[in-house]
Amino acid sequence: MKLSDSRFRHTGCDDRVDVAIVGAGFAGLYMLHRLRGLGFTARVYERADGVGGTWHWNRYPGARCDIESMQYSFQFDTALEQEWEWTERYAAQPEILRYANHVADRFDLRRDIRFRAPVLAATWEETTARWVLRIGSGERVRARYCVMATGCLSIPNTPRIEGLESFAGPRYHTGEWPHDPVDFSGRRVGVVGTGSSAIQAIPIIAEQAKRLYVFQRTPNYAVPAHNRPLGRAEQAEVKKHYPEMRARAKKTRNGVDHSPNPASAVETAEEERIAEFESRWSTGGLGFLGAFSDLLVDHEANAMAAEFVRSKIRRKVEDPEVARLLTPRSTFGCKRLCVDIDYFETFNRPNVTLVDVSRSPIERIVPGGLVVDGDVYAFDTLVLATGFDAMTGALARIDIRGRGGIALKDKWRDGPRMYLGLASAGFPNLFAITGPGSPSVLSNMLPSIEQHVDWIADLLDYARKHRRPIVEATAEAEDDWVAHVNDVANRTVFPSCNSWYLGANVPGKPRVFMPYPRMPAYVRKCDRVAARGYEGFELNEAPVVPSPGSGLVRGLPHAIEGSPAA
Ligand code: FAD
Ligand code: NAP
């Protein structure tokens, strides 16, 4: 440690960590915990002033998970799993944030997290075979490995609407909500967007606001949440059988235990089919997608589910013209299916107006409101529920330079390229958690995060034991995987609409389907790769570099090279 300290003073660059982790959401927290357990020195850099990631930033009214809390939670520690009590079927944002803080405290993680520390650049230094990170504060850090736990939905997408900056009143983005609650009482509010965030926020804003305008470009499908308090007895029963439930979840397409029905909608008689849809509808939640096995792969089956949900929307909304506008015509589940609490019913309120901007886009924003097709809608508070630069946004904002100074942004100009969504050729020792090409946003994210973290931790341990700490995905393995992801995606309904899964929500972003739609097949592939000595990766020795005062050493004096296990 002394040698490292002197080197820090000598070079102005902190060399004291083996692994630099970027982001303190669930992924960064668990990565830190796992690496510590293996004896690595790891440190997290987080641009926010607290842990929680998504749940730190998205504090808009109504924010809550759409996967049941008992499943949207960590399973790596049985005591944690057993001791934490959820209060609702779908926990609200403050509770999930408390959970993230509890995890940080319970595993004593904060002492290795630097807050208000945005990572601006990460450069692969060939001579030392290390990543050099530049932090916003001016600090530089040199680490053997860098893990990007920067999130799939962590960079808000602010649309380029003329006059946006001229708006005179308060303006909020759902993905960057203030810490203090916003009171809409007596206010005239304009909400742009009708995705998951808007669908959660609108009913609550409508209850408070004097007047609410909702600007909708594309209507969305939503199924009811049927949220409710979680009783202790019910929770205890789930906890008694947690391992079985988690094991069942691992076998499903998206890592959620929702009793998927293996039958085909197309081959099921109409009466039976409707009964299955009704049953899922009354249960509530994303389990609706498990009603039949072909809903997301067969357009005829998909149309049946779509029509069922449309008929429900038409029944909920009193004004037929408003109902027509709110009824989606696109492929069902092609954009992320929303889970709502009284969303459609909100449009029956006298203080709520739906404004269709599908044919005539928002013309401009003015100090006192917004103009559509020459009509001015006057309001004093603007809410942008306009989503995220998803999956690649956070990585693209860091100047990441791999071998030969190649920028990741340039390599990904035509779309992200990763092997298993974990690593990219030409960027050795750099890993992403839930990166493009992994199930990520098409799955229950907590188990996906755990699977990625465990896999990366095992790989680093393996590389250390074999004294070959330089790990790089091969271009061939990456090409094959990218082709496979496209092939699988093209056999689903997902590429058939303009979703953020395809990057279609951000002007100029290449149109590439980013997540991998099959969780169990993905996990099997990762396990196979590991069992075959990390097939598709090259593992090499560290270069010999001069170390001040101690002659030549292979790398620097960290747990990685100096491990007793090595
Ligand atoms: P994040 O939580 O996004 O954390 C990434 C962290 O990295 C952030 O704190 C960010 O500040 C930090 N960071 C990024 N770039 C930098 C940088 N350059 N320097 C320093 N720090 C940086 N998933 C589900 O499975 N179920 C749900 O119900 C669900 N609900 C959601 C609701 C909302 C409103 C949103 C937006 C997403 C939801 N998701 C859900 C997806 C959610 O993002 C994941 O479940 C999960 O929280 C992601 O954790 P993470 O740690 O990977 O990323
Ligand atoms: P989103 O799904 O991308 O929705 C953004 C909305 O803004 C869309 O309705 C979009 O319309 C609209 N929009 C964007 N630019 C616009 C413009 N210039 N003019 C008019 N409308 C515009 O974003 P999100 O709602 O924040 O959700 C993102 C993801 O986060 C979700 O899909 C989900 O994975 C996650 N999330 C989950 C929950 C949950 O229930 N737990 C809650 C929130 C978020 P178009 O559709 O026409 O582009």
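Predicted model: local features only at pLDDT ≥ 70, side-chain atom pairs only at ≥ 80, totals over all residues.
Residues are numbered from 1 along each chain as its sequence is written, chains are lettered from A and ligands numbered from 1 in the order of writing. Local features need pLDDT of at least 70, side-chain atom pairs count only at pLDDT 80 or more, totals for chains, interfaces and linings use all residues, and side-chain values use heavy atoms, with hydrogens and water left out.

**View 1. The shell around ligand 1.** The shell holds 33 residues (a residue is near a molecule if one of its heavy atoms lies within 4 Å of it). Glu46, Thr54, Asp66, Tyr72 and Met445 come nearest. By class, 19 residues are nonpolar, eleven polar and three charged. Here Ala, Val, Leu, Ile, Met, Phe, Trp, Tyr, Cys and Pro count as nonpolar, Asp, Glu, Lys and Arg as charged, and the others, Gly among them, as polar.

**View 2. Polar contacts and cover of ligand 1.** A polar contact is a pair of N or O atoms within 3.5 Å. A polar side-chain atom of threonine 54 sits 2.7 Å from a ligand 1 oxygen. For alanine 27, a backbone N or O atom lies 2.9 Å from an oxygen atom of ligand 1. Arginine 47 places a polar backbone atom 3.1 Å from a nitrogen atom of the ligand. On its own, ligand 1 has 990 Å² of accessible area, and the protein covers 95% of this (Shrake-Rupley method, 1.4 Å probe). Helix 2 (26-37), helix 3 (54-57) and helix 15 (445-465) are the elements that give two or more residues to the shell. Helix 3 has the largest share, three residues. Helices are DSSP runs (H or I, at least four residues), numbered from the N terminus.

**View 3. The shell around ligand 2.** Here 23 residues surround the ligand, and Arg64, Ser197, Thr218, Lys335 and Arg336 are the closest. The classes are nine nonpolar, nine polar and five charged. Helix 6 (residues 196-208) gives the most, three residues. Domain 1 and domain 2 each supply at least three residues to this shell.

**View 4. Polar contacts and cover of ligand 2.** Threonine 218 has a polar side-chain atom 2.4 Å from an oxygen atom of ligand 2. The side chain of serine 197 brings an N or O atom to 2.7 Å from a ligand oxygen. Serine 196 uses a polar backbone atom, 3.0 Å from an oxygen atom of the ligand. Ligand 2 alone exposes 910 Å², of which the protein buries 87%.

**View 5. Domain 1 against domain 2.** An automatic or database assignment sets the bounds: domain 1 spans 14-155 + 390-539, and domain 2 spans 164-259 + 315-384. Their centres, taken over C-alpha atoms, are 27 Å apart. In domain 1, 43 residues contact 43 residues of domain 2 (heavy atoms within 4.5 Å). The two domains bury about 3800 Å² between them, 50% of it on carbon and sulfur atoms. Buried area is the accessible area (1.4 Å probe) that two parts lose on being put together, summed over both.

Note on methods. Polar contact = N/O pair within 3.5 Å; in protein donor to acceptor, adjacent residues only side chain to side chain.
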